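Please look over the sequence and the model below, and then work through the questions that follow.

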Amino acid sequence: MSLFPMAHAAHADWRVAVREVVQRLRACLAAAWQARRPRLGLVYCTHDYAADAGALLSLLARELPQVSDWAGCSAPGVLAGERAYLRQGALAVMLLDLPAAHYRLYSGLVPLGQMGDEAGFIAEQALVHADGQVPELAELLQELSVRTSGGALVGGVGASQGGGVQFALRAEDFRSQRAGPAAGVLRGGLSGVAWTRAVASAARLAHACRPVSPALAVTAAEGALVTELDGQPALTVLLRALGIAPADGWRSAVEQLRSTFAALAPPGQGLRREALGPLARVQGIVGIDPRQLGIALSAPVEPGAQLIFCRLDAPAARRGLMEVGAALRDALAPELPRPSLASGPACPWTGSAEGEPSCIRGAIYVSSLERGELFGGLDVELRTLSHALGKVPVIGFVAEPPIMQAGLQRLAGVLTVFPEVEEL
């Protein structure tokens, strides 16, 4: 088994960071346990480098000519191994040797085709880098979802207030005479990478909330306003779940609503063993309607869905991330061997060759800034993930918010892993 080479660096000058990353990647490529034929490069940088994104990507493409495609984005924070970079210039790159026939870059300029458009290529899953300023983002995600056979999207919103960029560059375009100084750098819309089932990835969602109510059926709703739950006034049900008596007044309710959320899920999928289920999507409660005794959420609600009131909870966040990492590791471990690294040189992405790696070649993790605060910092969150998943290369970014399936996921962590597969 070979791991995906990964390297990261931080510096006020983006050129210095790129040179450090390239040097460390070359060291990885020389190690026996690292992938030798990387075709796809994932690059994430903080917004500090966005103004120089074209030059940054061009330098990476020139220094690593064996990489045929590049994808990624800028974001408020970059995640790499057990290190998180916030409020500073930083860069992380992972090189994946996915079979060229089984993945495709897409963007607004080169959209992902409908299933069956390209003979022999059926997208199973797609990594998404999105701009939150796009007004029709929900519709674009839904449209992209139906272009994959499993409807599976993972990723996140890299920029929600403008100023962010996305990367989508094929080396053949970069080397052509048509390529300009900003080749492969995009603003707005969606971009990313889609791959077929042959790539054999697996993804899970980690929540950060503790349920404070049972699963309730949405029996009446109009747009984002929920007026009935289990046939009762929605606001009455919410106040009861929070332990607020009508005599306490609205001020008490408003204070508690600031830390209360609503998780929506398909019927019967809201809770699993007294925790939020994997299909639950956490939404903010943005207001109350005392006249209709309704509650307003941050996204439209369909009658018939399940709704669970919940609150941010640090133990629930840690437990959820540990369970997700362990579940993916344990599900894959029985099928694949674990080679020893003890005889090789130190791996640059870990700084150590002690112990054995898991059967996972690499992972992508997208989290939100709010989650990191529950762990005591994003670095602690990444160490928690490493403890659960094992010492594997992890790359990712801080999203505003993360994306899984066809929706935005508040307060969530989205983990995607790539196990070893037979040569195709």
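A residue is called buried when its relative accessible area is under 20%, and exposed when that area is over 50%. The model discussed here is predicted.

Q: Is cysteine 28 buried or exposed?
A: The limit for a buried residue is a relative accessible area under 20%. Cysteine 28 has a relative accessible area of 0%, and it therefore counts as buried.

Q: How many disulfides does the count come to?
A: A disulfide requires two cysteine sulfur atoms within 2.5 Å of each other. For the sulfur of cysteine 209, which is itself a buried residue at 5% relative accessibility, the closest cysteine sulfur belongs to cysteine 310 and is 4.0 Å away, so this pair is too far apart for a bond. By this rule, the number of disulfides comes to zero.

Q: Which residue in strand 21 is the bridge partner of alanine 262?
A: Strand 18, covering residues 260-265, pairs with strand 21, covering residues 281-289, in the antiparallel sense over four bridges. Within this pairing, the partner of alanine 262 is glutamine 283.

Q: Which residue in the turn between strand 21 and strand 22 has a positive phi?
A: Strand 21 also runs antiparallel to strand 22 (residues 294-297), joined to it by four bridges, and glycine 287 stands opposite alanine 296 there. The two strands form a hairpin with four residues between them, and the turn residue with a positive phi, about 55 degrees, is leucine 293.

Q: What is the C-alpha to C-alpha distance between alanine 265 and arginine 281?
A: Alanine 265 lies in strand 18 and counts as buried at 5% relative accessibility. Its contacts beyond four places in sequence include Leu279 and Ala280. Although alanine 265 and arginine 281 are 16 residues apart in sequence, their C-alpha atoms are separated in space by 6.3 Å.

Terms used: Residues numbered from 1 in each chain as written. Predicted model: local features only at pLDDT ≥ 70, side-chain atom pairs only at ≥ 80, totals over all residues. Heavy atoms only, no water. Pairing = 2+ DSSP bridges. Buried < 20%, exposed > 50% of the residue type's maximum accessible area, 1.4 Å probe, protein only. Contact = heavy atoms within 4.5 Å.
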